[in-house]
Amino acid sequence: MDDANFLATLAIALIVALACVSLAIRLGQSAILGYIVGGVIISPHTPGFVGDQLAVDQMAEVGVILLMFTIGVQLSLRDLLRVGRIATVGGSIQVVLTIGIGALVGWLLGWGWLEALFFGAVISNSSSTVLSKVLAERGESGAVHGQIALAWSTIQDMSTIILVVVLTALAEGGDMLAVDLTWATLRAALFLALIGPVGIRVLPWLFERVAALRSREIFIISVAAFALGTAYAATFFGLSLALGAFVAGVVVSESDLSHQIIGEVTPLRDIFAGIFFISVGMLVDVGYVTTHLPLVLLAVALIVIAKGALVAALTLAFRYPVRTAALTGVALAQSAEFSFILARVGADINAVSAEIFSLMLAASAASIVVSPLLHRVAPPLIRQLERSMRGPALGRLPERGEDEPPPRGHAVLCGYGRVGHVIGSALRRRGFPIIVVEQDQRIVRQLRDEGVRALLGYAEHPSLIEQMHLETARVLIVAVPDALAARRIVDEALRINPRLHVVARTHSQEERDRLDQLGVEEAVVGELELAIEMTRFALHRFGVGTLETQAVLQRLRHQHQPARDARNALPRGRNRLRQRIANVGGRRPGRAPDADDDDVDAPEAASRRS
């Protein structure tokens, strides 16, 4: 291999990738898509510069190892156990059924049975990277469907270990296939049995000693040596480099230094993983994709529609609400890094033809493009579906006794996750009456067993709003992470009871301003409160007095919420009434409600409903 050609390929590949990735990110797409398009541009199948495939492939091997290693390190067994049976059982069933559907479609199209199996395996996986990005942008990482989807994708990632072993054994063929599969499985089990104790006993001790040297260079070298060495060792057991690296990452995932390992390896990983996706793009036959567009669309439909519907159906089977099931299906309706790796494995062992390989890559890339659009389009459609459903299906409060009065002067707490649980616990300790609305059926059952009035479903659903008794409530606490849902809850609640005191969580200054305009008394920006509390701690450690610290924090709040301060200069409650005059029949109420009222005037609140 010519050194000049190698350097030219590397330089031009990175320059093209930079342009394509920048464009993809500006368009709201994954960086993976940009790398693949960059590979297509310098591939032999497109005009212009043609990169050295051998040079790119050699660097791509390192990229695969580092990519799989970091995915393994980020694998959280604790998060997997938190979601529980739906991820392990549902995810496993989905992978098997999706492989079966894909293989059946491939067989009907006249492909070989091994190509059809590889096709089914490729479409069975979903990208945890794309999923995490979309959920974080929408503030849904902590939502029930977000937690389920992330754990579900973890099961899909782990299934790749079995798929690589089984599919590789099938590709090698032989007269005694069952024996070959058994032997391949035993070798993989032996590798895991040997590497497991090393990861539990030796690695934490070793990395702690290396970290104690306080040399970043030595730490990076030790981590890279372990990842590459374990990947190479896996080849002696008949496993691929990628699979060995993934296992190495899983082994160190529960280490106390896993966060430091990720931080040090990620920059190196990003460069070489980008080269891997460039190498994938260089193998795509654009001509085949354009001439077989209906086939590509069929493959995309299997990934997006068939797999998404299957995930939603399985989630429903575990008795989750319709909206949770639908959003989980939407979240997993795309392909993943492992999809590209599985396709590449099939091409490397000549089990998949160049044409089918191009089809797999084109369909997987297209599903990543479609994913953000699905997340924007799906919620309104799901709300329409919910409105057409009957309320009892989403939960009702237990029947009151004959002598039990209806709720009055209570708090309505929407969301009982990490934020809502803290709030609810404090209210319950003081004995204040609350009604909780939560999406997780396990939490609802537990609250009801503890004597708390709890509703299962989404707080903005009309049938649940009717049961909150907002007209006689004192406080509404919106602790759901979904910004759009929070707005709908607040708007409907203040329409019912303009005197209601409302506090809501939010993740951005823009969203806080929107909630302020709706009439929320307090919109708490999580990041701002976190920064203020950390500032309080730092000032205290520098010996700053309490009064001066309070002045500094007040100044910080004023700098980050000037719009709120300006509105608060008005007489209390006047701004909210001005905003809601149109919702009370165009008639100005007799007086502005006092935020410090000790009781709730139910008849007056009811008369102000639109």
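This is a predicted model: local features need pLDDT of at least 70, side-chain atom pairs count only at pLDDT 80 or more; totals for chains, interfaces and linings use all residues.
An α-helix has 3.6 residues a turn, so residues three or four places apart point the same way.

## Other salt bridges within helices

The structure holds five salt bridges. Among them is the one between Arg-495 and Glu-492, where the closest N and O atoms are 2.6 Å apart. These two residues lie in helix α21 (residues 483–496), with a spacing of three residues, about one turn of the helix. Arg-495 has a relative accessible area of 26% and is partly exposed. Glu-492, at 23% relative accessibility, also counts as partly exposed.

Another salt bridge joins the side chains of Arg-344 and Asp-348, at 3.2 Å from N to O. Here the residues are four apart in helix α16, so they are separated by about one helical turn. Arg-344 is buried, since its relative accessible area of 11% falls under the 20% limit. Asp-348, by contrast, counts as partly exposed at 47% relative accessibility. Side chains of opposite charge can pair when their charged atoms come close.

## Ser-339 in helix α16

Helix α16 spans residues 337–348 and also contains Ser-339. Ser-339 is buried, with a relative accessible area of 1%. Once neighbours within four places in sequence are left aside, the contacts of Ser-339 are Val-122, Asn-125 and Ser-364.

## Helix α5

Helix α5 runs from residue 85 to residue 108 and has 24 residues. From the first C-alpha to the last, α5 reaches 34 Å, close to the 34 Å expected at 1.5 Å a residue.

The buried residues of α5 include the glycines Gly-90, Gly-91, Gly-102 and Gly-106. Ala-87 and Ala-103 are buried as well, as are Ile-86, Val-95, Ile-99 and Val-105. Gln-94 and Thr-98 are also among the buried positions of this helix. After α5 comes Gly-110, which has a positive phi, near 90°.

## The six-stranded sheet

Six strands form an open sheet with parallel pairing, in the order β3-β2-β1-β4-β5-β6. The edges are taken by β3 (453–456) and β6 (522–525). Each of these edge strands has a single partner strand, so one side of each is left without a neighbour in the sheet. On average, neighbouring strands of the sheet are turned by 15° against each other, direction ignored.

Within this order, β1 stands next to β4. Strand β1 comprises residues 411–414 and strand β4 residues 475–478, and the two pair in the parallel sense over four bridges. Ile-477 in β4 is the bridge partner of Leu-413.

Technical notes: Residues are numbered from 1 along each chain as its sequence is written. Side-chain values use heavy atoms; hydrogens and water are left out. The expected span of a helix is 1.5 Å times one less than its number of residues. Buried means under 20% relative accessible area, exposed over 50%, partly exposed in between (1.4 Å probe, protein chains only). Two strands pair if DSSP finds at least two bridges between them. Axes are lines fitted to C-alpha atoms, for helices over the stretch in contact, and angles run from 0 to 180 degrees between N-to-C directions. Contact means heavy atoms within 4.5 Å. A salt bridge is a side-chain nitrogen of Lys or Arg within 4 Å of a carboxyl oxygen of Asp or Glu.
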